[in-house]
2 protein chains.
Amino acid sequence: MADIPSDRERTDVEDAIMRATYRALRERGYADLTMRAIAEEYGKTTAAIHYHYDTKDDLLVAFLEYLLDRFLTHVHDVETTDPEARLDDLLDGLLVEREDDYDLIVALLEMRAQAPYHESIREQLARNDEYLRYLLRTVIADGVDRGVFDDVDPETAAGTLLTIVNGARTRFVVLDDSDVLHLARDAADAYVEDILEAE
Amino acid sequence: MADIPSDRERTDVEDAIMRATYRALRERGYADLTMRAIAEEYGKTTAAIHYHYDTKDDLLVAFLEYLLDRFLTHVHDVETTDPEARLDDLLDGLLVEREDDYDLIVALLEMRAQAPYHESIREQLARNDEYLRYLLRTVIADGVDRGVFDDVDPETAAGTLLTIVNGARTRFVVLDDSDVLHLARDAADAYVEDILEAE
């Protein structure tokens, strides 16, 4: 049921613009993310950006796809098929490995908060949420099938874990303390332990 | 250790301005929350607002205190001392009873996302988080003392529940589907069941 996140491969140029957007977001924040700021990071004119992305919203939608792709590449590189280990890797990638990404997480929360006013961004954020839920659900369902996890509903378990991830990131923005990410990682771990079938 | 949320009682005038802010936020959203918009809801001039709140940030800090006070009044009215029932009430108040407050929750997420750029708002949001954590921690500690709950660390348990609350609200903004609040309520419930001492 999960679509491939982007319909087509990004070109090298588009990839370079995405990396420039990434740097601009981290260095200047969402409020100062103008096409000009991205062009400066990219080292070309704003026209060169507009050739690929008509509006800032178009660019942000592409950027959200790019972030999802990066995460997918990262988790696909992990070569284990053990459901518990794969679930651990996913949760590490969503929580622990984010602690140095404060500025990016702030920018993402700004996009989430703006979602109700920007339909295309809202849709892409919902797709990202759906895809992450799909990843979690798949590994949990695999674990249930293999008898590693209790007979839980994979959709519910995936939603619960994603709620913990989102809550940790939101509190991280306000409290600026990576302890909240580690607390959430422990809570997710306790949840996973809880659904692990006793051997 | 928890301070009383506001240092002094609000006057009737300040209370009326807070109610006007509440209506303005729900009807126009955070981006259109100008002093003029609040004055229109209040039925007086912007000068009448500025007499009490110099800046929009001052007003938003007061508004965050007001929301916390409202919640505290609500939970203090509940007349039960049973830890499990009180914890249920708190979680209902933070999750289930919020499902008709979509516009307000969007506005609050916007404030959270803006927190890194507005020190006074960030501090007040952190105080609200701390106070809610205090409420949860106190009831859990009481339950541990009475042998109703397992010997969990109340601070950790409170942080976990607040992470679930924040995650549910963040996903609610993007997905605009109150199912995420109910899923989170179920997850919180499962957590509470898990720490309940078997009788």
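A search of the whole structure finds two cavities of 30 Å³ or more. A cavity here is a set of points on a 1 Å grid over the protein atoms alone where a 1.4 Å probe fits but cannot get out, and lining residues have an atom within 4 Å of a point. This is a predicted model, in which local features need pLDDT of at least 70, side-chain atom pairs count only at pLDDT 80 or more, and totals for chains, interfaces and linings use all residues. Residues are numbered from 1 along each chain as its sequence is written.

| Cavity | Volume | Lining by class |
|---|---|---|
| Largest | about 110 Å³ | seven nonpolar, two polar, four charged residues |

The largest cavity is lined by 13 residues. A:Arg112, A:Asp129, A:Leu132, A:Leu162 and A:Asn166 lie nearest its centre. The second largest cavity has A:Thr170 in its lining, along with residues of chain B that include B:Ile105, B:Arg112 and B:Val173. Two elements, α6 and α8 of chain B, each give two or more residues to that lining.

Now the contact between the chains. With heavy atoms within 4.5 Å counted as contact, 34 residues come from chain B and 35 residues from chain A. The buried area is about 2,700 Å²; this is accessible area (1.4 Å probe) lost on putting two parts together, summed over both. Carbon and sulfur atoms give 67% of that area. B:Thr163, B:Arg171 and B:Val174 lose the most on the chain B side, together 23% of what that side buries.

Two salt bridges (side-chain nitrogen of Lys or Arg within 4 Å of a carboxyl oxygen of Asp or Glu) join the chains. A:Asp129 and B:Arg171 meet in a salt bridge at 2.8 Å, N to O.

Key: Chains lettered and ligands numbered in written order. Heavy atoms only, no water. 1 Å grid on protein atoms, 1.4 Å probe; cavity = no way out; pocket = protein on both sides within 12 Å on 5 of 7 lines; lining within 4 Å. Points joined across faces, edges and corners; volume = space filled by probe spheres on them. Nonpolar A, V, L, I, M, F, W, Y, C, P; charged D, E, K, R; others polar. Helix = DSSP H or I, 4+ residues; strand = E, 2+ residues; numbered from the N terminus.
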